Amino acid sequence: MGKRYYCDYCDRSFIDDIQARKKHLNGTSHVRNRKLHYIACRDLKTLISEELPKEECYKFKNTGQCPFGENCFRSHFTKQQLQLFQKQIYEEEKLKMYQYIAELRTIESWLQKRTSMVPFESPEIIKNVQNLPFISQEFSYSNTLPPSLNRLNFINLINAEVPEWG
């Protein structure tokens, strides 16, 4: 029988070939079902940004129903409802900001949070890593690095040989 393609938006399956899939994906019922799915899943910020510039739907306002449903180009929300949504978003963002500031109020709490994000959390491993020679102060980089990457000091700067350019 061959492979079949199942469309989650339309809740139907059909033979999976290029022409059939392209015909289905460009069809009006699939486009409408996909749009209805994403309208149902949108968050409050998106809802407000889409609905605020629209005018109120007169039929929905008067009767509570609209023959166009979600395809109506007018808003099915009142201005008061949209203002309540905006206030709710503002309160949620303010709460998130206060929680973030409370978490990072001191340097110690910030450091504690950063050290908890280290992939190796065992104190023995951290102690062993701190004792490695490339982290300690006694290790000399001058033997391993090329001269251009060594640290500059005043004596080396005075004694440096500068070649003539061009």
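The accessible surface of the protein chain amounts to about 14,700 Å², of which 57% belongs to carbon and sulfur atoms, areas being derived by the Shrake-Rupley method with a 1.4 Å probe and, for residues, with only the protein chains shown counting as cover. The structure is a predicted model, in which local features need pLDDT of at least 70 and side-chain atom pairs count only at pLDDT 80 or more, while totals for chains, interfaces and linings use all residues. Residues are numbered from 1 along each chain as its sequence is written, and side-chain values use heavy atoms, with hydrogens and water left out.

The protein chain has 8 helices and 2 strands, assigned as DSSP runs (H or I, at least four residues, for helices; E, at least two, for strands) and numbered from the N terminus. Their order from the N terminus is β-β-α-α-α-α-α-α-α-α. Strand 1 (residues 4-7) and strand 2 (residues 12-15) run antiparallel and are joined by 4 bridges, pairing being assigned if DSSP finds at least two bridges between two strands. Tyr6 has Ser13 in strand 2 as its bridge partner. The two strands form a hairpin with 4 residues between them, and Asp11 in the turn has a positive phi of about 55°.

Glu51, which lies in helix 3 (residues 44-51), counts as buried because its relative accessibility is 5%. Leaving aside neighbours within four places in sequence, Glu51 is in contact (heavy atoms within 4.5 Å) with Arg42, Ser75, His76, Phe77 and Leu82.

Technical notes. Buried < 20%, exposed > 50% of the residue type's maximum accessible area, 1.4 Å probe, protein only.
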